[in-house]
Amino acid sequence: MELIVTVDENWAIGKNGLSLAKLPAEYRNREKLTLGNTVIMGRKTFLSLPQEQPLYGRENIVLSSREDFSKKGITVAHSVEEVLGLVEDRPGDEIFVCGGEGTYKALLPHCDVAHVLFVEMEYDANHYMENLDKSEEWELVEESDEQTYFDMTYYFRKYVRVR
Ligand SMILES: NC(=O)c1ccc[n+]([C@@H]2O[C@H](COP(=O)([O-])OP(=O)(O)OC[C@H]3O[C@@H](n4cnc5c(N)ncnc54)[C@H](OP(=O)(O)O)[C@@H]3O)[C@@H](O)[C@H]2O)c1
């Protein structure tokens, strides 16, 4: 599995259930990577999508412990084990974990590639993802040139699991 995330300098990813930065490049990059593939997200991230609709053109797997949670157009997985079973049933598919905090935490150990949009800012935040720069299990293997959007500077980074 692969992971897609936007982080700030402290690897913050959100505040009070909302995202920190809204970059057109973030949306474009997610579409480019995930269209035609499978995306996995937590129930809260799913419910924050416009009109609570699945991401079009992709298989949507939503992680929730709630037995009564269901929505048209999604597959609900009730545990990490259930996610792994669903993923095994899709050999050859590219599977992308798209957040949020609890879901990254639960599935990071099962990912071997991370696509990180790194924003050079420090936001006021209360949702975080593990800092892969501080982890011996991950290595930065690609970084784009510096990109800008108004006053924001950002980079696309690719990390791979080395252990
Ligand atoms: N920067 C980014 O790239 C990015 C991307 C996505 C989201 N975010 C941010 O992340 C924040 C939301 O994070 P979050 O942790 O609250 O939401 P989340 O991960 O989207 O959803 C959390 C829910 O997922 C389910 N879940 C997670 N782990 C599970 C497990 N092991 N087994 C069963 N169910 C599990 C639970 O649902 P139940 O309660 O139904 O059991 C849990 O309440 C927001 O601020 C959002 O903006 C940032």
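Predicted model: local features only at pLDDT ≥ 70, side-chain atom pairs only at ≥ 80, totals over all residues.
Strands of a sheet pair through backbone hydrogen bonds, either parallel or antiparallel. Two bridges connect strand 2 with strand 9 in the antiparallel sense, and G14 has H127 of strand 9 as its bridge partner.

## Overall form

The protein contains four helices and twelve strands. Its C-alpha trace spans about 40 × 35 × 30 Å along the principal axes. The radius of gyration is 15 Å, which agrees with the value near 15 Å that a compact globule of 163 residues would have.

Of the 163 residues in the protein, 27% are buried. Among contacts with a separation of 6 or more, 65% are between residues 24 or more positions apart.

## The shell around the ligand

There are 28 residues around the ligand, and those that come nearest are G14, G42, T45, G99 and G100. Two or more residues of the shell are given by each of strand 1 (2-7), strand 2 (12-15), strand 3 (18-19), strand 4 (38-42), helix 2 (43-47) and helix 4 (101-107). Helix 4 provides the largest share, with four residues. By residue class, the shell around the ligand consists of nine nonpolar, 15 polar and four charged residues.

G14, one of the residues that come nearest to the ligand, is also the bridge partner of H127 in strand 9. G99 and G100, likewise among the residues that come nearest, are joined by a cis peptide bond with omega near 0 degrees. G100 itself is placed in the loop between strand 7 (95-97) and helix 4.

In soluble globular proteins, nonpolar side chains tend to be buried together. In this model the largest nonpolar core comprises 34 residues, and V5 and I40 are the residues with the most contacts inside it. Strand 8 (residues 113-119) contributes the largest share of this core, namely five residues.

Which residues does V5 contact, leaving aside its neighbours within four places in sequence? The contacts of V5 are I13, G99, Y104, A114, V116 and M129. G99, one of these contacts, is also one of the residues that come nearest to the ligand.

## Strand 12 and its partners

Strand 12 (residues 152-161) runs antiparallel to strand 8 and is joined to strand 8 by seven bridges, with V113 opposite V160 of strand 12. Strand 10 (residues 138-143) is also antiparallel to strand 12, through five bridges, and here L140 is set opposite Y159.

Strand 11 (residues 147-149) pairs with strand 12 over three bridges, again in the antiparallel sense, and Q147 stands opposite Y154. Strand 11 and strand 12 form a hairpin that has two residues between them.

## Loops and backbone angles

D8 is located in the loop between strand 1 and strand 2. D8 is partly exposed because 19 other C-beta atoms lie within 10 Å of its own, whereas a residue needs 20 or more to count as buried. Although D8 and M121 are 113 residues apart along the chain, their C-alpha atoms are separated by 5.6 Å. When residues up to four places away in sequence are not counted, D8 touches L20, V119, M121, E122 and Y123.

Q51 is a residue other than glycine with phi near 55 degrees, and its place is in the loop between helix 2 and strand 5 (59-63). Is Q51 buried or exposed? Q51 counts as exposed because it has 4 C-beta neighbours inside 10 Å. F150, which is not a glycine either, has a positive phi of about 50 degrees and belongs to the loop between strand 11 and strand 12. F150 has 5 C-beta neighbours inside 10 Å and therefore counts as exposed.

Definitions and conventions:
Residues numbered from 1 in each chain as written. Near = placed C-beta within 6 Å. Nonpolar A, V, L, I, M, F, W, Y, C, P; charged D, E, K, R; others polar. Pairing = 2+ DSSP bridges. Rg over C-alpha atoms; globule rule 2.2 N^0.38 Å. Buried ≥ 20, exposed ≤ 12 C-beta atoms within 10 Å, placed from the backbone. Contact = placed C-beta atoms within 7 Å. Core = buried A, V, L, I, M, F, W, Y, C linked by C-beta atoms within 7 Å.
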